[in-house]
Amino acid sequence: MNKGELVDAIAEKVNVSKKNIEVIVTAALESIVDAVADGDRVTLVGFGSFEPRERQEREGRNPRTGEKMVIAATRVPAFSAGKQFKEKVVEE
């Protein structure tokens, strides 16, 4: 499911125009991205949590040459599914 299909599904469930739903979904996603980028954790009870995680510097290999290289430390976004979400996926 892509963003357009999500907007369609939500619009069907709540009988609101797709244009309004798209504005809401876009604002919600931007708010989550902004919060995580600022270092905050976003928790949606039953769905899951978004948070930034620190990835330590580590050693890797260049796949073309096999030469050792250092992969720099970085901050990455992470998602952890909530209990209800996990249970729903296991049921299906």
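This is a predicted model: local features need pLDDT of at least 70, side-chain atom pairs count only at pLDDT 80 or more; totals for chains, interfaces and linings use all residues.
**View 1. Helix α1 and its two ends.** Helix α1 takes in residues 3–14, which makes 12 residues. From first C-alpha to last it reaches 17 Å, close to the 16 Å you'd expect at 1.5 Å a residue. Look at the start of α1 and you'll find N2, with a side-chain oxygen that comes to within 3.0 Å of the backbone nitrogen of G4. At the other end, α1 is followed by N15, and the phi of N15 is positive, near 50°.

**View 2. The D8–K18 salt bridge.** Side chains of opposite charge can pair when their charged atoms come close. Here D8 and K18 form a salt bridge, and their closest N and O atoms are 3.3 Å apart. This pair links distant parts of the chain: D8 sits in helix α1, K18 sits in helix α2 (residues 18–37), and they are 10 residues apart. How exposed is D8? Its relative accessibility is 31%, so D8 counts as partly exposed. K18 counts as partly exposed too, with a relative accessibility of 49%.

**View 3. R41, E51 and R53 as a network.** These three residues, R41, E51 and R53, are linked in a network of salt bridges. Within it, the side chains of E51 and R53 meet at 3.1 Å, N to O. Is E51 buried or exposed? E51 counts as buried because its relative accessibility is 17%, and buried means under 20%. R53, at 37% relative accessibility, counts as partly exposed.

**View 4. K68 meets E59.** Here's another salt bridge, this time between the side chains of K68 and E59, at 3.9 Å from N to O. Both K68 and E59 are exposed. If you're keeping a tally, the structure holds four salt bridges.

View 5. Which residues make the nonpolar surface patch? They are L44, F47, F79, F85 and V89, and the patch covers about 410 Å². One of them, F47, lies in the loop between β1 (42–44) and β2 (48–55). F47 has a relative accessible area of 38%, so F47 is partly exposed.

Conventions. Residues are numbered from 1 along each chain as its sequence is written. Side-chain values use heavy atoms; hydrogens and water are left out. Helices (H or I, at least four residues) and strands (E, at least two) are DSSP runs, numbered from the N terminus. The expected span of a helix is 1.5 Å times one less than its number of residues. A polar contact is a pair of N or O atoms within 3.5 Å; within protein, one must be able to donate a hydrogen and the other to accept it, and residues adjacent in sequence count only if both atoms are side-chain atoms. Buried means under 20% relative accessible area, exposed over 50%, partly exposed in between (1.4 Å probe, protein chains only). Patches are made of residues with over 30% relative accessible area and no salt bridge: like charges are joined within 9 Å, nonpolar side chains (Val, Leu, Ile, Met, Phe, Trp, Tyr) within 5 Å. Accessible areas come from the Shrake-Rupley method with a 1.4 Å probe; for residues, only the protein chains shown count as cover.
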